[in-house]
Amino acid sequence: MSIRARKSFSGLSVKVAAAAAALAITMTGCGGSPQAASDGTVTLRFSWWGSDVRHKMTQKLIDAFQAENPNIKIKGEYGDWSGYWDKLATQVASQDAPDIIQMDAAYLGEYAGRGALLELKDVDQSKFDQAVADAGKVDGKQYAITAGVNAQVVLANPSLVSASGVTLPDDKTWTWDEYSKTAADITSKSKDGVYGSGAVTGDAPMNLWFRQHGKKLFAEDGHFGFDENDLKGWYEYQARLRDSKAVPPASVMTEDVTASVDQQGLATNRFALAWYWSNQLSALSKASGQALEIHRPPSADGSAADAQQYYKSSQFWSASSRTKHPAEVQKFIDFLSNSVEAGQIALADRGIPGNSEVRTAVTPNLTPEDAATAKFIDEISSELGDAVPVPPAGSSSVMEVLGRYGMEVHFNRLSPEEAAKKAYPEAKSQLRS
């Protein structure tokens with residue numbers, strides 16, 4: 001889920017609550033998956049969300065697996081993001097969950113914590129970076145396997161940067177203050193309506209800020225890994241961005257985050273810099289008509305090695321704890337995760353492959369933008385901090401609260417201190433862990 005698509009936070013929060021309510025129903029009785037047929041054939045149900053392009057590509061993955069495993073049949077159940085989680089919550093509550101489930105980090109902790117997911121002990125992750133493998137763990141158990149890898153990046157529009165006459169600092173050494181100054185300089189030296197940076201908000205930039213200051217957004221126990229004073233520091237940075245005009249006025253930012261990605265400021269050549277997930281490079285380059293450049297986010301001390309960067313799983317593969325065929329389920333997930341053939345079919349649709357060997361094999365067949373993303377993912381592998389814990393139940397509501405008060409700072413209706421004092425207890429009350 002795009003960090004730029006912050007408009008989805010409130011809706012996501014409602015869906016998480018609905019899922020939690022449905023999952024609260026006691027999960028007893030018989031599961032919905034069929035037993036093996038008389039000829040030994042096993043049928044597995046597989047659910048995912050996505051576009052028509054993804055649906056067709058996923059069917060090719062199914063066909064390739066079935067060609068190698070004729071005794072395992074995969075029945076696809078797919079839809080779009082908006083209805084996926086309500087349907088899944090209902091299926092789980094009625095003991096009719098699909099065997100294989102495309103999972104998102106926002107829901108992983110909720111479903112795993114309520115016993116709805118199978119522990120995936122037999123899926124090979126020896127070719128995954130440890131942080132990527134650990135991203136699917138809840139309470140030390142592997143309930144999900146990364147389907148694709150992203151990282152938080154700063155994308156740059158080279159035409160706008162060049163037109164301003166401003167030189168971007170080295171992304172291995174730039175600091176948050178240098179980022180703010182650079183963006184402010186671009187704004188001041190550009191035509192009206194062009195801004196140095198889009199909003200620097202959302203969970204990923206905030207988490208990087210906290211991590212670089214020795215804290216974190218969420219701790220392993222599901223509670224906050226920061227305090228009110230840390231939040232005040234983050235809001236003070238937002239105020240500096242506002243005052244220097246490094247970012248657009250709050251009214252412009254509010255409109256931008258509710259726009260579709262192809263209508264946002266970077267895509268329409270109004271923002272010189274913007275924060276996105278790495279897998280969005282291709283779509284944004286196409287929309288802008290520019291060969292956008294990919295850069296590291298800034299660090300607190302000017303060292304990329306200390307920037308506490310992390311890989312984010314764009315999606316996961318999970319399985320129902322009620323499946324009648326755990327061995328076959330894990331065999332299919334292993335194929336999706338570790339097969340070069342599967343990688344050549346999927347390419348970067350769900351993010352850059354987590355398996356490093358698959359990533360290397362598919363890179364020559366990627367689009368230039370996806371190849372640049374894969375190269376970036378490899379380049380920062382030595383700069384990663386600890387894996388980010390799975391977000392706790394209520395995390396999306398937390399981010400809605402923190403983001404709302406951040407905008408109050410940008411509108412200059414609250415000081416950073418006032419915003420932090422109000423936001424911290426309200427956000428904390430949203431946690432259900």
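Strands are DSSP runs marked E, at least two residues long, and they are numbered from the N terminus. With that in hand, we can walk through this model, which is predicted.

Start with alanine 156. Its place is in strand β6. Is alanine 156 buried or exposed? Buried means under 20% relative accessible area. Alanine 156 has a relative accessible area of 0%, so it is buried. What does it touch? Leave aside the neighbours within four places in sequence. Alanine 156 is then in contact with Leu168, Ala272, Leu273, Leu292, Glu293 and His295. Tryptophan 48 is another matter. It stands 108 residues from alanine 156 along the chain, and their C-alpha atoms are separated by 32 Å.

Strand β6 also leads us to a helix. The buried residues of α11 pack against β6 (145-156), β10 (271-277) and α15 (368-379). Helix α11 covers residues 281-288, and its buried residues are Leu281, Leu284, Ser285 and Ser288. They lie on the same side of α11, because they cover an arc of only 100° around the axis. An α-helix has 3.6 residues a turn, so residues three or four places apart point the same way. What follows α11? Glycine 289 does, and its phi is positive, near 75°.

Positive phi turns up in residues other than glycine too. Aspartate 139 is one of them, with phi near 55°. Aspartate 139 lies in the loop between β4 (137-138) and β5 (141-142). Exposed means over 50% relative accessible area. Aspartate 139 is at 72% relative accessibility, so it counts as exposed. Glutamine 308 also has a positive phi, near 55°, and is not a glycine. Its loop runs between β11 (293-295) and β12 (311-319). How exposed is glutamine 308? Its relative accessible area is 25%, so glutamine 308 is partly exposed.

Now turn to a pair of helices. Helix α2 spans residues 52-68, and helix α12 spans residues 326-338. They pack at an angle of about 120°, with their axes 11 Å apart. The two helices are therefore oblique to each other. In passing α12, α2 makes a right-handed crossing. Which residues meet there? From α2 come Leu61, Ile62, Ala64, Phe65 and Glu68. From α12 come Lys331, Phe332, Phe335 and Leu336. Sort the residues of this contact by type: seven are nonpolar, none is polar and two are charged.

Note on methods:
Residues are numbered from 1 along each chain as its sequence is written. This is a predicted model: local features need pLDDT of at least 70, side-chain atom pairs count only at pLDDT 80 or more; totals for chains, interfaces and linings use all residues. Side-chain values use heavy atoms; hydrogens and water are left out. Axes are lines fitted to C-alpha atoms, for helices over the stretch in contact, and angles run from 0 to 180 degrees between N-to-C directions. Helices (H or I, at least four residues) and strands (E, at least two) are DSSP runs, numbered from the N terminus. Angles under 35 degrees count as roughly parallel, over 145 as roughly antiparallel, 65 to 115 as roughly perpendicular and the rest as oblique. A crossing is left-handed if the near helix is turned anticlockwise from the far one by less than a right angle, and right-handed if clockwise. Contact means heavy atoms within 4.5 Å. Ala, Val, Leu, Ile, Met, Phe, Trp, Tyr, Cys and Pro count as nonpolar, Asp, Glu, Lys and Arg as charged, and the others, Gly among them, as polar. Buried means under 20% relative accessible area, exposed over 50%, partly exposed in between (1.4 Å probe, protein chains only). The arc is that of the directions from the helix axis to the C-beta atoms.
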